[in-house]
Protein chains: 4
Amino acid sequence: MTHAAAMLETYPADLGGADLQKLATCIQECFSCAQSCTACADACLSEEQVAELTKCVRSNLDCADICDTTGRVLSRHTGYDANLTRAVLEACVQACKSCGDVCAQHGEMGMQHCQVCADECRRCETACRELIATL
Amino acid sequence: MTHAAAMLETYPADLGGADLQKLATCIQECFSCAQSCTACADACLSEEQVAELTKCVRSNLDCADICDTTGRVLSRHTGYDANLTRAVLEACVQACKSCGDVCAQHGEMGMQHCQVCADECRRCETACRELIATL
Amino acid sequence: MTHAAAMLETYPADLGGADLQKLATCIQECFSCAQSCTACADACLSEEQVAELTKCVRSNLDCADICDTTGRVLSRHTGYDANLTRAVLEACVQACKSCGDVCAQHGEMGMQHCQVCADECRRCETACRELIATL
Amino acid sequence: MTHAAAMLETYPADLGGADLQKLATCIQECFSCAQSCTACADACLSEEQVAELTKCVRSNLDCADICDTTGRVLSRHTGYDANLTRAVLEACVQACKSCGDVCAQHGEMGMQHCQVCADECRRCETACRELIATL
């Protein structure tokens with residue numbers, strides 16, 4: 001059991017019929033993706049061809065911030081607001097899709113950090129979409 | 001001139017026809033609202049009737065995180081992505097509206113920090129809506 | 001291998017003799033602790049005796065922000081600055097110790113989310129101390 | 001009166017003899033510096049000589065995250081913890097000094113965004129030092 005799942009299990013009030021497994025997975029993926037995107041932005045800065053990677057750095061920075069905020073919003077259940085949850089998840093899907101696309105291109109060109117990061121973005125995007133479907 | 005406007009003026013590349021005044025205002029409001037919501041959450045914790053304010057605290061925390069992320073995304077212009085900007089601004093509108101509504105109710109009941117915070121949320125929501133209209 | 005370790009393995013430049021295992025562990029613990037503290041603050045808000053938990057909520061919120069920032073700083077290696085790394089890690093040790101102490105007390109009184117969160121804070125504090133020792 | 005000062009004025013409990021003017025200034029400078037550093041990192045990415053600015057981008061990103069977290073911690077007063085406040089302010093002084101030094105060098109070489117950002121970093125560093133002196 002992940003720590004996000006452990007925190008959900010100990011929540012003292014009603015979780016309103018949320019799909020706990022999909023929720024825990026999505027929280028975990030948001031934090032993992034925030035870390036990977038932060039690290040990928042920095043790895044791009046240390047590449048010789050950094051000048052060709054500036055759009056990737058920017059996508060990484062946006063995606064890190066949005067995933068971080070989404071992971072935080074999903075970690076809160078008091079006074080649940082479905083409209084806000086949906087809007088944040090949709091922004092996160094958009095960020096992960098954009099960043100995943102850019103990183104996947106660089107991954108195919110041999111940049112391993114972009115490949116690892118693209119995989120994280122895809123997983124996070126999928127987890128967000130699956131959670132939206134349960135709202 | 002605010003510091004956000006000063007940073008926009010020194011940006012070394014093309015800003016692609018962005019409405020610089022609306023953009024600078026929106027960036028500034030996002031960071032102001034993030035601060036106000038962080039402080040309002042804490043002020044609620046120090047109220048005797050904190051048990052009646054827990055939904056307000058939660059709204060404040062979400063709004064602070066989303067405004068912070070929105071202010072960051074809007075501060076970046078390299079590799080501009082209109083779809084991502086719009087999705088983030090829409091989440092921010094939703095967060096500011098929800099938090100502004102909750103805080104306005106408490107403001108009418110005499111909680112001054114909620115009144116100040118509600119005013120910040122309204123200004124930030126308006127700035128986001130006006131920026132969306134220019135995209 | 002965790003995703004933080006995978007990102008370290010693909011870093012394209014010299015990591016300057018860093019202890020990669022301790023670094024990867026510390027990054028991972030920072031993000032885990034940020035999530036647990038965010039969730040614990042919210043769980044406290046949903047407890048009937050929230051009025052007795054306000055200091056815990058505040059400790060959780062500080063610890064979440066500081067762990068998040070520490071995890072981000074540790075995920076960057078370009079232009080490494082040992083003084084900054086040490087100062088941030090020391091703030092993180094302080095935050096995890098304070099929050100861990102408060103949560104451990106509530107854990108002993110039967111609040112399970114505080115017990116899970118206290119354990120995370122202890123692990124993150126230890127990981128930060130062990131990383132400081134290698135700098 | 002700034003919004004940070006307005007929020008301090010409406011805090012419902014005792015602020016324990018804090019120097020409210022220095023506190024409000026420091027909060028404001030932290031959020032301003034976080035914005036400037038976020039924008040400066042992005043402006044560097046759009047410079048033709050980005051390859052020579054990668055250390056600056058990294059300093060900017062660290063400084064943005066640390067200022068943001070410091071501004072949040074300073075916006076909370078419930079369960080005040082002087083040791084934590086001091087540790088966070090010291091990390092912020094270090095981040096602002098490092099980033100201010102790097103940006104000032106580039107400012108002298110004609111990069112205006114770095115000059116604006118260096119000035120923000122100096123103001124924030126000063127505000128943090130002055131607040132530490134009152135603790």
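Me: How much of the contacts in chain A with a separation of 6 or more comes from residues 24 or more positions apart?

Reply: Those residue pairs account for 72% of them. Two residues are in contact if their C-beta atoms, placed from the backbone, lie within 7 Å. By the way, this is a predicted model, where local features need pLDDT of at least 70 and side-chain atom pairs count only at pLDDT 80 or more, while totals for chains, interfaces and linings use all residues. Residues are numbered from 1 along each chain as its sequence is written, and chains are lettered from A and ligands numbered from 1 in the order in which they are written.

Me: What elements does chain A have?

Reply: Chain A has 5 helices and 0 strands, and from the N terminus on its elements run α-α-α-α-α. Helices (H or I, at least four residues) and strands (E, at least two) are DSSP runs, numbered from the N terminus.

Me: What share of chain A is buried?

Reply: It's 64% of the 135 residues. A residue is buried if 20 or more other C-beta atoms lie within 10 Å of its own, exposed if 12 or fewer, and partly exposed in between, with C-beta atoms placed from the backbone.

Me: How do you know what span helix α2 of chain D should have?

Reply: The expected span is 1.5 Å times one less than the number of residues. For the 26 residues of α2 (residues 20-45) of chain D that gives 38 Å, and the end C-alpha atoms are 38 Å apart, so they agree.

Me: How many residues do chains B and D put into their contact?

Reply: Chain B gives 32 residues and chain D gives 32. On the side of chain B, α2(B) has the largest share, 11 residues. That side divides into 13 nonpolar, 13 polar and 6 charged. Ala, Val, Leu, Ile, Met, Phe, Trp, Tyr, Cys and Pro count as nonpolar, Asp, Glu, Lys and Arg as charged, and the others, Gly among them, as polar.
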